[in-house]
Structure formats: C-alpha cells, structure tokens
Amino acid sequence: MHQRTFKYICGSILLLFMLALPLLSPVQKYLSIPDEVKVMASEEVQPVWNDSSNETLTAFSSASDHQVFYEVAGVPLKKTQIQEMKDIRLVPGGQSVGVELHTKGVLVVGHHLVAGKGDKKGSPGEDANVQVGDILLKGNGQELNSMEDLSSLVKESGKSGETIELTLQRNNEEMTTSLQPSFSEKDQEYQVGLYVRDSAAGIGTMTFYHPDSKKYGALGHVISDMDTKKPIQIHEGTIVESHVTSIERGSQGVPGEKRARFSMNDDRLGTITKNTPFGIFGELDDTINNDRYPEGLPVGYSDQVEEGPAKILTVLNGDKLQAFDIEIVSNMPKKTPVTKGMIVKVTDKELLEKTGGIVQGMSGSPIIQNGKIVGAVTHVFVNDPTSGYGVHIEWMLQEAGIEIYEKSAKAS
C-alpha cells in the first residue's frame with residue numbers, strides 16, 4: 001500500500017515537472033531557437049539568440065559550415081542552419097491588370113442532348129465517357145487548340161460518317177476514346193453534345209516586376225474555370241492594362257469585387273506562361289514603373305516578416321495607384337511553399353469605407369513592410385471581408401523562375 005502511494009506521489013511530481021518545464025526561461029529560449037534562418041547575402045550572420053548575461057546558454061557561429069551553435073557550459077546544445085538568400089530588388093505592382101488565358105486543348109464544361117430524327121436524343125460525348133473537366137487534346141491525331149479546331153473536326157467526321165479518335169487528359173492522365181457525332185435536326189449540323197471552352201478572362205492585380213529578367217508575378221492564386229472549378233492549364237496567355245470603373249463593396253458572407261474594363265487588342269503588357277497556385281507568371285514586353293518607389297524595393301523573406309503594421313498597394317479608381325494600411329495578424333513561415341503564409345487585416349478607414357475590406361480583383365496586391373516587399377494578398381475570408389490570407393513573396397519568386405538562394409554560402 002505504501003509502495004503504491006509512493007509511486008502515485010512520484011508520478012504526480014513528475015507530471016507537474018513536465019507541465020512546468022516549458023514555462024522555465026531557459027527552456028523557452030531553447031524552444032524559440034529556429035532550425036533554419038534566412039539572411040541576405042549582404043548581411044553578416046548573427047546568432048538568433050544570445051544573452052551574454054546568461055552563462056547557461058551562449059552562441060557562436062561556425063565559419064566552416066555556415067551554422068550557429070548554441071552551447072551550455074561548452075557543450076553544443078542546438079544548431080541553426082543559416083540559409084543565405086540573394087539580395088533581390090523588385091518594382092512593386094498594385095496596378096489593375098486584365099488577363100486572358102487560352103487553354104491547353106479544349107476544356108469540357110458540360111453535356112447537352114442532341115435532338116436527332118424523331119424523338120431520338122442523346123449526348124455522343126457523354127456516351128463516349130467524356131467527362132466535365134476533361135481536356136480534349138487531339139482528334140484523329142490533330143491538336144485541338146481552339147473550339148474552331150473541334151468544330152471543323154466534328155463537321156468533317158459527320159459528313160464522312162467516321163468516328164473521332166479523341167485523346168483527352170483527365171486528372172493529369174492521358175486516355176483515348178471514340179466519339180461518333182450526331183446530326184441535329186434542329187440546328188442542321190453535326191454535334192457531339194459537349195459544352196466546351198478554350199479561353200478565360202478576368203482581372204487581378206500585379207504583384208511585382210523583376211527588371212533584371214523582365215519577369216513578373218500577379219494575382220497570388222491560381223485561375224480556375226468558373227464551371228469545373230479546376231485550375232486552367234494554359235496554352236498561351238496575355239496580360240494587359242486594366243482600368244477600374246467601379247467597386248462592389250463586400251460584406252459578411254458576400255464577397256465584393258472590382259469592376260474594370262480592358263481590351264485584349266490594346267495596351268498589352270506581356271505574356272502569361274504559368275498559371276499556378278501562387279499566381280500567374282510570365283514576361284513583360286516593356287518595363288513598368290512605380291512612382292512611389294522609383295528605385296524599387298528589396299525583398300523581405302518570410303523570416304523577416306513581423307506581426308504588425310504594413311501596407312498594400314492597389315487601385316480603386318481608374319489607374320490611380322494608392323497605398324492602404326493593413327496589419328499582419330499572423331506570420332507562418334514554412335520551409336516548403338505554402339499559399340497561405342500570412343493572415344492580414346485591413347485597418348485603413350478609406351479602404352474599409354470604399355470596399356469593406358478585401359474584394360475580388362484585389363488579389364495580388366503587394367504587401368510592403370519595413371521598406372521591403374514581403375508578399376501579396378490572396379484570399380478574403382467570406383465571413384469577414386476585412387481579413388484574408390497573404391502569400392510570402394519568396395514562393396512567388398520561385399514560381400516566376402527567379403533564383404532566391406545563393407548557390408554558395410559565404411563563411412562568416
């Protein structure tokens with residue numbers, strides 16, 4: 001009985017000790033030491049934490065392998081890997097842009113019935129197991145890059161009475177199927193019973209321009225098809241100047257939006273070569289300027305972002321670029337790319353009055369803090385339009401094909 005009581009007391013003491021351990025100052029300091037820290041190439045490597053008044057935990061840097069070691073009484077306790085980053089300077093965006101994407105192949109967005117002779121109705125495409133979201137890549141060996149290509153193939157096949165051997169892509173896998181067009185008595189033409197789309201258009205916000213490479217990044221999120229909700233795989237695309245005409249104010253449960261006008265035939269800015277979860281990317285035909293920051297701004301990496309005040313650049317009327325106050329509520333740096341690395345909240349009274357917070361079309365607005373461009377606005381919280389997510393700039397730079405790491409670390 002006494003032995004059982006003794007074990008119970010010892011176990012309780014051990015439990016209390018384990019619960020109290022994280023509250024001890026030395027343990028808190030140890031846990032606060034990160035495994036990796038990013039530093040600019042022009043910066044000297046400094047210990048992440050060093051308190052000379054506390055002899056129990058000191059730090060020194062290693063000149064051989066670019067690390068910072070923390071020791072207790074001369075015994076190495078923990079090390080932090082120093083990742084040296086390139087000093088990159090960008091022209092901040094904020095301008096409203098028009099976007100047109102031409103899909104890779106022809107995207108299937110729905111089925112419809114073809115009315116033949118008598119009461120016979122059916123969808124040849126659905127009968128051939130062509131599904132919504134499929135991308136029609138080839139027909140009888142010929143590439144399908146537009147609805148006109150498909151229409152011409154259907155017409156030829158219908159007249160000859162031969163089936164179409166379709167090559168399609170579904171969930172990143174290619175497959176083939178045979179499809180026999182039907183003649184529509186109502187429309188007096190051959191049809192395959194598919195609704196298709198070969199392009200998409202919309203507006204967004206430019207995030208940055210890299211003068212050294214002419215590369216840019218915009219939007220901060222992927223462009224998906226409005227019907228299938230799947231990311232659009234692009235064949236080619238164009239980005240143009242856009243002029244904001246009005247704002248539909250957002251409210252709880254109802255996202256607002258910018259309304260803008262643009263012409264794909266005029267005011268071309270450049271190409272779109274990638275549509276990714278981190279935005280759209282390509283090259284601009286000419287340089288763009290930002291009168292607020294004529295010399296551009298350095299990049300601030302995720303480890304340098306602080307919770308607190310920041311600004312975003314965006315356009316609410318015409319092409320007038322404005323800066324508005326926000327707060328970075330939470331910063332969540334990761335070692336691997338993530339699209340939601342920050343939570344931001346609009347605090348600017350003017351912006352809140354005009355938009356209610358973050359609205360559609362504002363995605364891509366650059367986030368600036370402490371004189372550095374640190375990321376872009378991406379998504380709004382539907383139930384709280386004053387707040388939303390932001391993506392760290394480093395992941396957009398990588399998607400744009402701009403190298404952010406120094407290939408050889410300098411000793412320090």
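The model is predicted, local features require pLDDT of at least 70, side-chain atom pairs count only at pLDDT 80 or more, and totals for chains, interfaces and linings use all residues. Residues are numbered from 1 along each chain as its sequence is written, and side-chain values use heavy atoms, with hydrogens and water left out.

Q: How many salt bridges does the structure hold?
A: A salt bridge is a side-chain nitrogen of Lys or Arg within 4 Å of a carboxyl oxygen of Asp or Glu. By this criterion, the number of salt bridges in the structure is 10.

Q: Which parts of the chain are tied together by Arg 170 and Asp 134, and how many residues apart are they?
A: The side chains of Arg 170 and Asp 134 meet in a salt bridge at 2.8 Å, N to O. Arg 170 lies in strand β11 (residues 164–170) and Asp 134 in the loop between α3 (124–127) and β9 (135–139), so the pair ties together parts whose separation in sequence is 36 residues. Helices (H or I, at least four residues) and strands (E, at least two) are DSSP runs, numbered from the N terminus.

Q: Which strands are tied together by Lys 311 and Asp 325?
A: Lys 311 forms a salt bridge with Asp 325, in which the closest N and O atoms are 2.5 Å apart. Lys 311 is partly exposed at 35% relative accessibility, and Asp 325 is partly exposed at 32%. The two residues are 14 apart in sequence, so the pair ties together strands β24 and β25.

Q: Which residue in β26 is the bridge partner of Ile 328?
A: Strand β26 (residues 342–346) pairs with β25 in the antiparallel sense over 5 bridges. Within β26, the bridge partner of Ile 328 is Val 344.

Q: What separates Lys 354 and Glu 350 within helix α5?
A: Their side chains meet in a salt bridge of 3.0 Å, N to O. Lys 354 is partly exposed at 39% relative accessible area, and Glu 350 is partly exposed at 33%. Because Lys 354 and Glu 350 are 4 residues apart in helix α5 (residues 349–355), their separation is about one helical turn.

Q: What is the C-alpha separation of Asp 227 and Gly 110?
A: Asp 227 is found in the loop between β16 (215–218) and β17 (234–241), and its relative accessible area of 41% makes it partly exposed. Asp 227 and Gly 110 are 117 residues apart along the chain, and their C-alpha atoms are separated by 8.3 Å.

Q: Is Asp 319 buried or exposed?
A: Asp 319 is found in the loop between β24 (308–315) and β25 (321–331). With a relative accessible area of 58%, Asp 319 is exposed.

Key:
Buried means under 20% relative accessible area, exposed over 50%, partly exposed in between (1.4 Å probe, protein chains only). Two strands pair if DSSP finds at least two bridges between them.
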